[in-house]
Each structure stands twice: as structure tokens, then as C-alpha cells.
Amino acid sequence: MSDQTAPSSTDQTLANLLKEDRRFEPPAELAAAANVKADAYDAARADREGFWAEQAERLTWDTRWDRVLDWDNAPFAKWYVGGRLNAAYNCVDRHVEAGRGDKVAIHWVGEPEGDTRDITYAQLKDEVSQAANALTALGVGAGDRVAIYLPMIPEAIVTMLACARIGAPHTVVFGGFSADALASRIDDCQAKVVVTADGGYRRGTASALKPAVDEARTKTDKIEKVLVVRRTGQDLSVDGEDGWDDAVDVWWHDAVGGASTEHTPEAFDAEHPLYVMYTSGTTGKPKGILHTTGGYLTGAAYTHNAVFDLKPDTDVYWCTADIGWVTGHSYIVYGPLANGVTQVLYEGTPDAPEPGRWWKIIQDYQVTLFYTAPTAIRSFMKQGHEIPDRFDMSSLRILGSVGEPINPEAYVWYRHVIGGDRTPVVDTWWQTETGAVMISPLPGVTAGKPGSAMTAIPGIEADVVDDEGNPVPNGSGGYLVVTSPWPSMLRTIWGDDDRYVDTYWSRFKKQGYYFAGDGAKKDDDGDIWVLGRVDDVMNVSGHRLSTTEIESALVSHPKVAESAVVGASDPNTGQAVVAYVILRNEAGDGGPDIVKELSDHVRKEIGPIAKPRQIMIVPELPKTRSGKIMRRLLRDVAEGRAVGDTQTLADASIMDLISAGQATSTED
Ligand code: WTA
């Protein structure tokens, strides 16, 4: 990998970070009663496998494992070898069997005000059983893949658990993704059933989902059945077609509503595939990250308990992530439910119908543990403290952050305005690939530093290394690596073992380290500050997007000859997409609406989340003599800096042309 220099904006951030000397000690009461105390680090280090065996005891196993870890065929891991369990049983049935059937599992809050539903563990068990029976009747067996394309409604959780219950790996596709993105994921993992809804509520309007599934069906022939939840009741017809195919489409309320609530969960091997989650990598094709059952569930349950100091009898937990991202998998579904929590699930946008909606939900449900993303915190900061100040959020005791580096200002605002200066903030670093939190403060142990994810949690070993894989000294930066295997690690990339080895394990092959793709610094105390991606992956509002994926989308437009996409730092979204486009000769200047045309095209191909903030039509792109685009220079332009070293450019005058063009570029 060349061109790995972290964008210089992160250096500027770092300069700020290093001046940061505020510390927040854990509240004494919390520290005294903490689930995990300081001694856990050493204990885990002294006997790693013993530590992870102990964590696996959180789950109910049908058959106990005979070996904690098989790493003989590294980097292909097997955890809890010989163990058998059912993930859905662990998340639902066992709580009912333990007499907690009347406990609320989910306080669901729909976006339209007053549209709420409380679901107990006993009710969840019935619904999951019904959905498991319905999926089986639709022909889904153990090992078959099911795609889930749903809004944030309880049926999303029910479907995931129903799949787990029958051993059918699910792949949840974010509802904001387009029909093309949905089709390519379905195609890649060969999902035969899609579970969707007529639509969902976003900012007060019913937004359709089912038509995208119909469109996806024109692009892939894998789909045999489509199970449709009636959420909004909106008309399904598009362009005169009635939007319903009796041979394929089935209503949820018929198939699931009519199914039996009796279903016996079968135990699966600890390494049975649980789900595939697609995420962006450095090439155009999204990677299907495979997680399996025993290790993943252990990791999700342990970290949720440790990092949030979960007290299941008294806490009310709320994670605002969408079910379509890994955070929704590990910290809405599998971790919290395995731990038997009561949690809030919210369908809509943070500011609908009014800007204080989130804070009102915290007040109404007396939320104690709250987990969200820096991008949301920053957008609330812009609105000021007056809105949150109107609500009583004194129930909160721990705040979490995930998805991107949290800048110290946002951290301090979060702690002060939302947490009333009482709550520790846990800045949790992890990835789709890691399955669970890896680096984070422990709320009862760590004196938090605003902006730092601090240290690897007990049981996890991470480091920051130089190009050769040697640990950097305190006070220096390098690459973030995980130095030993962990239970919730990805097992492979779906259908592509070579790409798995290549992407994650080849960079520091000699040492056998997992390379996460992030840059980081160790401060003078050895605490870790994650700086962001060092590869061609952007992080927009906490969501990973690959530059190549957007470039491929742009190049698929008939007027585009070539394109280069970079992530430029953005005060609201962390990074924003900036695209440089060379038009084909026959397209002339592209016409007056070219920027909008291209922007709409990206939106259609990938989804609104990938829409460029800025598109610049340029005559040429800066390339090295070997033809590699020098993104570093394009980032300089996008971030309004003087263009850096152009010595390796094949034609140095190109940057003058591009920089000059910048002044007249069009913002969409
Ligand atoms: C970034 C989301 C800094 C990082 C769970 C990582 C973070 C990518 C943090 C994974 C954090 C996530 N501080 N950066 N606390 N959390 N990241 O797969 O670049 O959607 O590699 O998983 O988000 O994004 P993913």
C-alpha cells in the first residue's frame, strides 16, 4: 500500500488533542460497584484463554466447548471448538425461562408521536418463534441466507433473531441504500428471501422501501420470496404497476401472524455463520464480513456488560444506531438482548417532529445508558444547549460514543450538556470486522481523556506500530493493530478467503497482527488516540464509504471518463465526499446540470449517504508516473490547503489547473 499518509487535517486535530489535559475520574459510587475493576486487565493478560472461557460462561451452551481457541490455521480462527448453542435462545428464551418473561425487552418508539409499543421478553419469544416458523415455511433452512431491508421497527430485531434461531445467516442492508446496493449484496451472499416493509417514517413522511426490493429483483435472480411488513400502509404501486407479485410477495401479518408461537430452537456449532455484514473496503466491491455464533455472542455480551457497566435489573439502555450497521447488530440486538436488558428502539430521525425528540425519549423512558455517534453530537452542539436543557436527563449514568474519532469539544459538550457532568463518556473504538468494542475506557476504572479511546479492554491486545510492525514509543504515531486473536473477530470475507488474508493479515504478516486500516498515536502515558483511516476508506457521519465504490458509481455515468474521490474533513460529518471528474470528450462541458446529474446518479447507485458534498469537473487528475492517483494532493485542494509536494507527479502543471478550477467549482 502506498499513499498511506494520513490526511494532514488529522495532524491538526492531533495538535489539538495533545494539548488536551483534562481528565475525568470515574464517579466514586460507580467505581465502587463497577462490573469490571482494574484488576481485570492483568488477570486477562495472565491467562487469556481462561479469561475468554469465563466470558463465554455468560451464555447458555447446549454443549460445552472442549477447546477455547484453535489458531492453528491462522488467520482462520475457531473459538469454543466443539461448543453448540442457539443465539436466539440466548437472547430471548433463557430470560423467559428464568422468570423474566414480563420484563420489557424493547420500548419501541415510532417516529409519529404517540406511536409506541412495549414488548416483553415473553412476547418477543412468541414473535421470534412465529417468524422462525414462517421463514421455515417459506423454504429457509439452516445455512440459507436471508436479506433484511427494514426500517427501525421491532420486526427488524424479530427477523434477525428468527434467522439466528433457524441457523440462517442474515444480511441486513441499511434502509438508506439503493436498489443497486441491495441487489449486489443479495447477489454476493445469494440470499433467497428478503424481509422488507412497505416503508418507514423519516422526518414525518412515509418513505417507501418495497419498490427498491422490486427493482432489486430486476437485477438479481436470487430472490425467491419477499416477506413484507405493513408499517406505513402506503400505496405500493409504482408507475401504474401494482407493486405486488403474488408468486413472490407475502405479507408479514399473514405469514408470521398466522404462524405458531411454538418453536424449538436447535443448537448450532459455535462456528456456525450468524451473519454477513457488508462494509466498504479499498476496492469497489463491498466486503461481506462473516461473523459466527459462539465467539461473536460472547464478545458482544461481555463488552456490553463491561463497557456500559450494565446493571440489567435497573438500567434502561438506548443505542441510536441503525440496525443496518454493525453497531445495531452488536449493541442493539446481540449484546444487549443476550444480557437481558430493557432498551429503547427509536424509528426516526433525531429531530422529528421537534429538535428535542431524543432528549424527550431519554426523559420519558428514564434512559440510563446512552450510545450514539460523534456526528450526531456535533449536530446537536450546533443547535446549542437550550434544547437539551429543557429536558430532565438526570437518569443518565454513562454515555457512549462510536463510529469516528470524537473531538474533545464534542466529548466535553456531551458530558456536560447531556450528562450533566456526572456521566463518564466511553469512547469506543471498534469495527464491523472486530464485531465488538476493542479499545475503550472502562467507566468504573478509567480517568477519561476527552478524545482518546484510551486502552484495549481486558482480554484484547492492541498496539500502535511503525512500518516494520515494531511498537512505536509513547508520544508517537503509527498503525493501529490487534496483536492477538479475539472471540468476536471476523472469520473471513464471505466467499473470498484470499481477500480476507490479504486485507487484514498481510500488512504485518511477520508478526501475525491484524491490521485495522486506522492510524493512531500513543500519548505520553501510552493511551491510544485513533486518528482515522490510513487507506482509501472515508468515514462520513460515522459510516464507512470507500472512495473506489463512489468512483465506480461515477464512472458508470455515460458522461464520465474518469474520476477520483477523496474524503475531505468536514465540521459536521467528520469527513465529506469530494469528487473530481473528467468528462468524456463527447459530453462537452456536460451541460448546465452536470453536477446535479452526477450527484443524483451516485445517490441512485449507492444511496443518499454517498452523495458528494462537492463535485469538481477537471481536465486531468494528478497521477504518479506509474499511473496512481495522488489523493493526498486532491485532499489538499478539497480542504483548501496549499498543495503539498508534487515531485512524484508525472505532470506537475496539473495541480495548477485543478486548483484554479476549484475557485469556480460548483457545490451541489
Ligand atoms: C472508525 C463502526 C475513532 C475507525 C463500529 C474504524 C472510530 C471505523 C471509532 C469502523 C472511535 C469507529 N474512534 N474512530 N471510537 N469507532 N471508528 O466498520 O476508522 O462502520 O476503522 O464500525 O470507524 O467503522 P465500522
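Here are some friendly notes on this predicted model, from the whole chain down to a few local spots.

1. Ground rules. Residues are numbered from 1 along each chain as its sequence is written, and side-chain values use heavy atoms, with hydrogens and water left out.

2. Overall build. The chain has 21 helices and 31 strands; these are DSSP runs numbered from the N terminus, with helices being H or I of at least four residues and strands E of at least two. Its radius of gyration, taken over C-alpha atoms, is 24 Å, close to the 26 Å from the globule rule for 668 residues, so the chain is as compact as a globular protein of that length. That rule is 2.2 Å times the number of residues to the power 0.38. Along the principal axes, the C-alpha atoms fill a box of roughly 75 × 65 × 55 Å.

3. Of the 668 residues, 60% count as buried, meaning under 20% relative accessible area with a 1.4 Å probe, protein chains only. Taking contact as heavy atoms within 4.5 Å, 71% of the contacts between residues at least 6 apart in sequence join residues at least 24 apart.

4. Helices 6 and 7. The axes of helix 6 (residues 121-137) and helix 7 (residues 154-166) come within 8 Å and cross at roughly 65 degrees. Those axes are lines fitted to C-alpha atoms over the stretch in contact, and angles run from 0 to 180 degrees between N-to-C directions. On the helix 6 side, the meeting residues include Leu 124, Val 128 and Leu 135, and on the helix 7 side they include Val 158, Leu 161 and Ile 166. By class, this contact has ten nonpolar, two polar and two charged residues; Ala, Val, Leu, Ile, Met, Phe, Trp, Tyr, Cys and Pro count as nonpolar, Asp, Glu, Lys and Arg as charged, and the others, Gly among them, as polar.

5. Helix 8. This helix (residues 179-189) is mostly covered, with eight of its eleven residues buried. Among them are Asp 180 and Arg 185, as well as Leu 182 and Ile 186. Gln 190 follows helix 8 and has a positive phi, near 55 degrees.

6. Trp 65. This residue sits in the loop between helix 4 (48-56) and strand 1 (67-70). Trp 65 is buried, at 7% relative accessible area. Beyond its neighbours within four places in sequence, Trp 65 has contacts that include Ala 53, Tyr 80 and Gly 83.

Definitions and conventions. This is a predicted model: local features need pLDDT of at least 70, side-chain atom pairs count only at pLDDT 80 or more; totals for chains, interfaces and linings use all residues. Buried means under 20% relative accessible area, exposed over 50%, partly exposed in between (1.4 Å probe, protein chains only).
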